[in-house]
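I opened a notebook for this structure and wrote down each thing as I looked it up.

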Amino acid sequence: MNVKLVNQPLNLIEADLTVEFLTAQQLESHPHHKLLTLAGFKADSEQICPLHEHRLLLCGIADEESESLRSAMAAVIRTAMGYGYESLKLAQYSETAFAPLIEGAVLGSYKFEFYKSAPKPSALREVLFSTESSDGSVLDETLLQTVLTQTLIIAKATNFVRTLVNQTPDDMTPLRMAMTADTLSKSNNLECTILDPNGLEDEGMLAMLSVGRGSAHPPQLIHLAYKPENPKKVITLVGKGLTYDSGGLSLKGAASMVTMKMDKAGGCAVMGIIKAVSELKLDIEVHAIVGAVENMISGNAYKPDDVLRAKNGKTIEVRNTDAEGRLVLADVLGYAQEKVKSDYLFDYATLTGACMVALGPYTTGVMGHNEALKQAWVKAGASAGEYCGILPFNRHLKKLIKSDLADVCNVSSKPYGGAITAALFLDNFIDEDMKDKWVHFDIAGSAYTESAWDVHTYGGTGAGVRMSLNWLMEQCK
Ligand code: BES
Ligand code: ZN
Ligand code: ZN
């Protein structure tokens, strides 16, 4: 589906269907008010009413804020894709509303039909935005065109991530993730380094290796780098890439194992972010480093009671093999800090079910030592259409992951605050000079959904992509 900007008043643009967003108050003075009322349309938020004989599709909104328009646009596009129309057109609402409308269209129209024997293609081919606003004023075409180009890059990168996440564990193995990264590096002119188990051993990444030991699919470290000339900053993004998390010998229950193909969402997100960064040609050096591993059971699998030595030399007592993401990240964070001198270090991981308990299923948990930095991320999330919530560290929680046997234990001694204790575990693998430059994002809830919400349909959401590009673009100003 193409999204285009047309420098013409709305009524001169040729399209099969016109979309209008309106509040309950605006409905009162609508030319089709009577007909709409007869149809039971009250302009409730995301309520949709087609007037096919007028080639009109109306959608209610609570207000003209970005958040309302973004999800209303997604609802509209889903409905329109069920009709036989090939094109639809709409006006602008405000300069700041254009990006959310584009996101609504591109993210809302996403369908994953890879595994359907008979996919059902929609007739809808084009979404045409006029430069004219719904109040009749005309907005600056050049400015709108820039917004369109940038937003399309970001929204398509989000869909790229969704498609990676949605693939089955047998299709998207660690090796296939590495191959995908290699393909991306060629099309987007990125540097790409892959470490196989031998390379991991040479690097002393024994925690990551141990997690992957029970699997038929050997672990892979993926390091993509985007290096423009004279970058303003160097930023490293680390992603948890568990292509499947069965729990290992601390096996998950049958119900909680389903959906665990999404445990690679952090790794997929950093690949999507670097894809967009390179297409936007941002003036910052970005590294995306993924620990791609499968956590399985076998005679050779790592065990509760094992003690692992991580890359930075610290020893870890394993008491639960299902707390595997933090073990992989311990090594990948170590690798990231050894190989790259970064201004910032961010990690993205579907790390804990506890994060969902704390914040609900839509919100990314934000953790770290730097208060201002965390606040900046919450702001970036909000303006990009992602929910973020800060989960605070404290020194008492830190004591819960002490080990009598090794330097640190991979699980907490108490069953509460699990998202924070997981982040405090990661803190053991952050060098002293990086403490204030590091933020951890727990995307366990936000990365995947089994029921549609906002701009998301069933499956991967691409969590982390939009908020990170918002934050990264802010660094280039
Ligand atoms: N991948 C899971 C976390 C997860 C759970 C992500 C649900 C998305 C949805 C992680 O590896 C895990 O299993 N964590 C355990 C930690 C526990 C053993 C301390 C958890 O959350 O139960
Ligand atoms: Zn796990
Ligand atoms: Zn996991």
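**Entry 1: the model.** I noted at the start that this is a predicted model.

**Entry 2: the zinc site.** I looked up what holds the zinc ion (ligand 2). I found D245 (OD), D322 (O), D322 (OD) and E324 (OE) coordinating the zinc ion (ligand 2) at 2.0 to 2.2 Å. Along the chain, I read the spacing of these donors as D-x76-D-x1-E. I then asked where D245 and D322 lie. D245 is in strand β9 (residues 234-245), while D322 is in the loop between β12 (315-317) and α11 (325-339), so the pair ties together parts that are 77 residues apart in sequence.

I checked the geometry next. The 6 donor atoms around the zinc ion (ligand 2) subtend angles of 71 to 167°, and I therefore logged the arrangement as irregular. For six donors to count as octahedral, opposite ones must be over 155 degrees apart and all others between 65 and 115.

Are the two aspartates, D245 and D322, buried or partly exposed? D245 has a relative accessible area of 3% and is buried, whereas D322, at 22%, is partly exposed. The cut-off for buried is under 20%.

**Entry 3: aromatic rings.** I asked how many aromatic pairs the structure holds. The count is 19. I took F21 and Y93 as one example: their ring centres are 5.6 Å apart and their planes stand at 70°, so I put the pair down as edge-to-face. F21 belongs to strand β2 (residues 17-22) and Y93 to the loop between β5 (87-92) and α4 (98-108), so this pair ties together parts that are 72 residues apart in sequence. F21 is buried at 4% relative accessible area, and Y93 is buried at 9%.

Y83 is partly exposed at 21%, but Y85 is buried at 12%.

I listed one aromatic cluster, formed by Y344, F346, Y348, W377, F441 and W471. I also found the charged end of K275 over the ring of F160, 5.4 Å from the ring centre.

**Entry 4: helix α16.** I counted 9 of the 11 residues of α16 (residues 465-475) as buried, so the helix is largely enclosed by the rest of the structure.

**Entry 5: strand β6 and its partners.** I found that 7 of the 8 residues of β6 (residues 126-133) are buried. Strand β1 (residues 2-6) pairs with β6 in the parallel sense over 5 bridges, with L5 facing F129 as bridge partner. β5 also pairs with β6 in the parallel sense, over 5 bridges, and there F129 is the bridge partner of L90. I traced the chain from β5 through α4 to β6 and noted this β-α-β crossover as right-handed.

**Entry 6: a three-stranded sheet.** I recorded an open sheet in the order β11-β12-β16, with mixed pairing. Its edge strands are β11 (307-309) and β16 (408-409), each pairing on one side only. β12 and β16 pair in the parallel sense over 2 bridges, and V408 in β16 is the bridge partner of I316.

Note on methods. Residues numbered from 1 in each chain as written. Chains lettered and ligands numbered in written order. Predicted model: local features only at pLDDT ≥ 70, side-chain atom pairs only at ≥ 80, totals over all residues. Heavy atoms only, no water. Donors = N, O, S within 2.8 Å, 3.2 Å for Na, K, Ca; no water. Tetrahedral: all angles 85-135°; square planar, octahedral: opposite > 155°, others 65-115°. Helix = DSSP H or I, 4+ residues; strand = E, 2+ residues; numbered from the N terminus. Buried < 20%, exposed > 50% of the residue type's maximum accessible area, 1.4 Å probe, protein only. Phe/Tyr/Trp six-rings, centres within 6.5 Å; stacked < 30°, edge-to-face > 60°. Lys NZ or Arg CZ within 6 Å of the ring centre and 35° of its normal. Pairing = 2+ DSSP bridges. Right-handed = clockwise from strand over helix to strand, strands pointing away.
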